[in-house]
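Please look over the structure below before reading on.

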Amino acid sequence: MKPAQFRHRFAFPRHGDGHGENGQKIYFCGNSLGLMPDTARTRVEHELERWAELAVDGHFNGDPAWLGYHRTLEDALMRLAGAKAGEVVAMGALTMNLHLLMTSFYRPKGARRKILIEKGAFPSDRYAVASQILLHGLDPSDDLVEFEPGADGLIDDVAVADFIAEHADELALVMWPGVQYATGQRFDMARICRAARDNDVPVGLDLAHAMGNVPLALHEWGADFAAWCSYKYLNAGPGAVAGIFVHERHAEFSGPRLAGWWGHDESTRFLMGPDFEPIRGAEGWQVSGAPVLNLAALAGALDIYREADIDSLQDSETDLAERIAGIVDALPGEPLEIVTPLERSRRGCQLSLRVRAGREQGRAAFEALQAAGVVGDWREPDIIRVAPNPLYNSIEDVDRFGAILERSLGRS
Ligand SMILES: *Cc1c(COP(=O)(O)O)cnc(C)c1O
């Protein structure tokens, strides 16, 4: 596969008057909100039509009937997650889902009370784990353990695995990212899951920046659970329905959970009985009726991934981040430090670039990039993040970016 093979399927925001070769933005912000695929629009419009025509009958009639709509996404999600049937479901929103899953899998007991996360975790994740600790009457200042990165801002996978082994008798949960949002570092998820499993510590993965970006093998790695959002690399739109993975070994889970009728056995759900009988597997964690219009946008986004194989997005041919790294390295005076590790196994398509001159000049350069039509993002205090997505970004995008970057840093 070549980069940008699916470019014509995505809507690009206009730059300036929208004309000429610079009429489109150079969109490197798919790590925050992916571009809209044409199939998202057609799928949503289709369900709006069915609502107009069928109204309540749409729940049970048509193909697919809304009642089972989420199940039509399962095969595509299974492939992206590296999961087996019954292990994944599209539902809810990322942070909410983390709460649902931690309610089931964070069960502090005796000395095993602590949650291990990475220092500098995405704020919502930190709020979520800290509040889960509080819910158990415990104190985050004792029981939230934040693993410190090295001087380069990165975390050594082996050191994490060793830490888990050494501190297993205090840990009740390892909650780890697949790709770290700020640094772009991809972790050795297999190793971290194995360390947790070998030491009987439950392990959950936050795949916000990994899903649709890097290949995953959740079943094989043995994570207890995982959660992701779908508006970043999956391109399912603002507020898109998220997704969860629960490993097959928990298919008959009988522990605590925050139950709702959509997690109840479908064959008896509408008998409206008083007792909760969960669906086997991940679907048992569903709470509310599925948001079909929102699922339709996700279905459209996954249509792209039915054609674009995630493994082929890792080819050197599609590796636009590497091309950006080459451009950054060649800038006179080395104005930018590449924070993200460059080995292919240790990153996805995001590069985090630290402006050596500091915040003020960094902001000025970032604003110059924006004015010239580059959409990336800024992370305080001095980081510019760019995430060229090989689904829709091209080599030309990268080369245009290179020229604008050099000008923006005031070096040409
Ligand atoms: C994007 C992101 C979120 C956002 O959470 P929502 O519940 O979808 O708003 C949370 N955690 C991480 C690590 C993220 O990258």
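## A loop residue to start with

N61 lies in the loop between α1 and α2. Helices here are DSSP runs of H or I with at least four residues, strands are runs of E with at least two, and both are numbered from the N terminus. N61 is partly exposed, with a relative accessible area of 39%. The scale works like this: buried is under 20% relative accessible area, exposed is over 50%, and partly exposed is in between (1.4 Å probe, protein chains only).

What does N61 touch, leaving aside its neighbours within four places in sequence? It is in contact with R50 and L54. Contact means heavy atoms within 4.5 Å. N61 and R50 are 11 residues apart along the chain, and their C-alpha atoms are separated by 9.7 Å.

## How to read the model

This is a predicted model, in which local features need pLDDT of at least 70 and side-chain atom pairs count only at pLDDT 80 or more, while totals for chains, interfaces and linings use all residues. Residues are numbered from 1 along each chain as its sequence is written, and side-chain values use heavy atoms, with hydrogens and water left out.

## Two buried loop residues

N235 sits in the loop between β9 (225-228) and β10 (243-246). Its relative accessibility is 3%, so N235 counts as buried. Leaving aside neighbours within four places in sequence, N235 is in contact with several residues, including F10, P37, A301, Y305 and Y392. The side chain of N235 also reaches the backbone oxygen of Y233 at 3.1 Å.

S312 lies in the loop between α10 and α11. Is S312 buried or exposed? At 15% relative accessibility, S312 counts as buried. Beyond its neighbours within four places in sequence, S312 is in contact with M1 and T318.

## Charged pairs across the chain

Side chains of opposite charge can pair when their charged atoms come close. A salt bridge is a side-chain nitrogen of Lys or Arg within 4 Å of a carboxyl oxygen of Asp or Glu. How many salt bridges does a search of the whole structure find? The search finds 29.

One of them joins E283 and R71, with the closest N and O atoms 3.2 Å apart. This pair links distant parts of the chain, 212 residues apart: E283 is in the loop between α9 (266-269) and α10 (292-307), and R71 is in the loop between α1 (38-54) and α2 (74-81). E283 is buried at 12% relative accessible area, whereas R71 is partly exposed at 33%.

D319 pairs with R344, the closest N and O atoms being 3.4 Å apart. D319 is in the loop between α10 and α11 (320-329), R344 is in the loop between β11 (336-338) and β12 (351-355), and the two are 25 residues apart. D319 is buried, with a relative accessible area of 8%. R344 is partly exposed at 22%.

D399 and R323 meet in a salt bridge of 2.9 Å, N to O. D399 lies in helix α13 (residues 395-408) and R323 in helix α11, so the pair ties together parts that are 76 residues apart in sequence. D399 is partly exposed at 35%, and R323 is partly exposed at 37%. Elsewhere, R43, D75, D303 and R306 are linked in a network of salt bridges.

## Where the domains meet

The protein chain is divided into domain 1 (7-30 + 309-409) and domain 2 (45-307). These bounds come from an automatic or database domain assignment. The domain centres, taken over C-alpha atoms, are separated by 29 Å. Contact between the domains takes 26 residues from domain 1 and 21 residues from domain 2.

How much area is buried between domain 1 and domain 2? The area is about 2000 Å², and carbon and sulfur atoms give 51% of it. Buried area is the accessible area (1.4 Å probe) that two parts lose on being put together, summed over both. In domain 1, R9, I310 and R346 lose the most area to domain 2, together 25% of what that side buries. Between the two domains the count is one salt bridge.

Note on methods
A polar contact is a pair of N or O atoms within 3.5 Å; within protein, one must be able to donate a hydrogen and the other to accept it, and residues adjacent in sequence count only if both atoms are side-chain atoms.
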